[in-house]
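Morning, everyone. Please have a look at the screen, and then I'll walk you through a few spots.

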Amino acid sequence: MPVAASAIYFLNLRGDVLINRTYRDDVGGNMVDAFRTHIMQTKELGNCPVRQIGGCSFVYMRISNVYIVIVVSSNANVACGFKFVVEAVALFKSYFGGAFDEDAIRNNFVLIYELLDEIMDFGYPQNLSPEILKLYITQEGVRSPFSSKPKDKPVPNATLQVTGAVGWRREGLAYKKNEVFLDIVESVNLLMSSKGNVLRCDVTGKVLMKCFLSGMPDLKLGLNDKIGLEKESEMKSRPAKSGKTIELDDVTFHQCVNLTRFNSEKTVSFVPPDGEFELMKYRITEGVNLPFRVLPTIKELGRTRMEVNVKVKSVFGAKMFALGVVVKIPVPKQTAKTNFQVTTGRAKYNPSIDCLVWKIRKFPGQTESTLSAEIELISTMGEKKSWTRPPIQMEFQVPMFTASGLRVRFLKVRFR
């Protein structure tokens, strides 16, 4: 079920209505008073973003110094409501030069009313694409003086873009040199015990593309997905080639991907938008290749001294290297003095986050580095509380390495 919003309100931090738009007559005009009385004045804004008062539900979100409140009188999809708010704010920012706050709303209230009439009809969300709406709502917003974003030039042929099947790409694009760039970016979420045993591990990744192609090209992307390879070999009546395959647990695609073809053939086919965009997001929980192993040793010597030894091993290929490695090692809050010895990089104590921050600019593969630290603690007269030993955090970038094992088998481009 979609949002089916009865009304939408834009409020400042004091609860004053900046702009409101009523889409249905099933709610009264004083519903914003109920929001101010029961939610804003009771200081319960941060507890839950969805509240029910009487027979209505309030779905609200704070953006900068503005609260956007959607009033719903029936059972509705809350996730769709939040998605609408996020997309609407991105639309407003594209008109206002990147700013969205109380001043931007007051300076552009006429334009906002016009946009609210287009992006929602009788409470149901419509097209929120800035590229499409700018084709026929050409009024320019009052831009913030701090915004450096260049003005977007309107493009012709609005009717085709609004009613056509490919609303994310305009016709007539021409480049002297056709180029496609593809990159896979992954984040490893890992929980490891002090003995090096993996307790929980998963990988979240995304496929980023940048396309500068002429006309309306059709692209086809092949990955080493287990289901996709089995489907491909089945259609070609050939045995599947040996090699590492992966299983994608959760996949989310850009709207340009042909989902019907993906469900039937398990191939990623799409007509790409112009420029940079995120093609897909995914998550993997099995067969994760960890690029590093962290082995800590912490000894508490009485109440005023502590020794910390952390060994970091890189387990990826020797010809590869990691960049921007940052290791954050938690220490007690009563830390008074620290002495370091590192084999690589630099380390310092950051009292604002109660961590030893170890930075390594370049970390080659199949190597190891060690940090040794002596920590002096402030002795307190009160009852000693046991230190919980929070987990060690690590940040890094490893070019040409995917922890999930995801590989791009091919990328085919066919021009119409």
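Is V327 buried or exposed? V327 is buried, because its relative accessible area is 0%. Here buried means under 20% relative accessible area, exposed means over 50%, and partly exposed lies in between, with a 1.4 Å probe and protein chains only.

A word on the source. This is a predicted model, where local features need pLDDT of at least 70, side-chain atom pairs count only at pLDDT 80 or more, and totals for chains, interfaces and linings use all residues. Residues are numbered from 1 along each chain as its sequence is written, and side-chain values use heavy atoms, with hydrogens and water left out.

Back to V327. It lies in strand β16, residues 321-330. Strands are DSSP runs of E with at least two residues, helices are runs of H or I with at least four, and both are numbered from the N terminus. What does V327 touch, leaving out residues up to four places away in sequence? The list is V312, L356, V357, W358, I392, Q393 and M394. Touching is contact, meaning heavy atoms within 4.5 Å. Take W358 from that list. V327 and W358 are 31 residues apart in sequence, but their C-alpha atoms are 5.0 Å apart in space.

Now the whole chain. There are eight helices and 22 strands. Of the 416 residues, 39% count as buried. Look at contacts between residues at least 6 apart in sequence: 67% of them join residues at least 24 apart. The chain exposes about 23700 Å², and carbon and sulfur atoms supply 50% of that area. Accessible areas come from the Shrake-Rupley method with a 1.4 Å probe; for residues, only the protein chains shown count as cover.

Next, the rings. Rings of Phe, Tyr and Trp (its six-membered ring) pair if their centres lie within 6.5 Å; planes under 30 degrees apart are stacked, over 60 edge-to-face, and the rest tilted. How many aromatic pairs does that rule give? Nine. One of them is F92 with F100: the centres are 5.8 Å apart and the planes are at 10°, so the pair is stacked. Both F92 and F100 are buried.

F292 and F396 pair in another way: they are edge-to-face, with 4.9 Å centre to centre and 65° between the planes. This pair links distant parts of the chain. F292 is in strand β14 (residues 292-301), F396 is in strand β21 (residues 393-397), and they are 104 residues apart. F292 is buried because its relative accessibility is 3%. F396 is at 29%, so it counts as partly exposed. Ring pairs also join F292 and F396 with F316, F363 and F401 in a cluster.

Some rings have a charge over them. That takes NZ of Lys or CZ of Arg within 6 Å of the ring centre and within 35 degrees of the ring normal. The charged end of R24 sits over the ring of F122, 4.2 Å from its centre. K412 does this with F410, at 5.0 Å.

Stay with F122. It is in the loop between β6 (120-121) and β7 (124-125). Its phi is positive, about 55°, although F122 is not a glycine. At 48% relative accessible area, F122 is partly exposed. M400 also has a positive phi, near 65°, and is not glycine either. M400 lies in the loop between β21 and β22 (408-414). With 81% relative accessible area, M400 is exposed.

Last topic: charges. Side chains of opposite charge can pair when their charged atoms come close. A salt bridge here is a side-chain nitrogen of Lys or Arg within 4 Å of a carboxyl oxygen of Asp or Glu. How many salt bridges does this rule count? Nine. In one of them, E102 and R106 have their closest N and O atoms 2.9 Å apart. Why are E102 and R106 about one helical turn apart? Because they are four residues apart in helix α3 (residues 102-107). E102 is buried, at 14%, while R106 is partly exposed, at 45%.

R14 bridges to D16, with 3.1 Å between the closest N and O atoms. R14 is exposed, at 60%, and D16 is partly exposed, at 34%. That's my tour, thanks.
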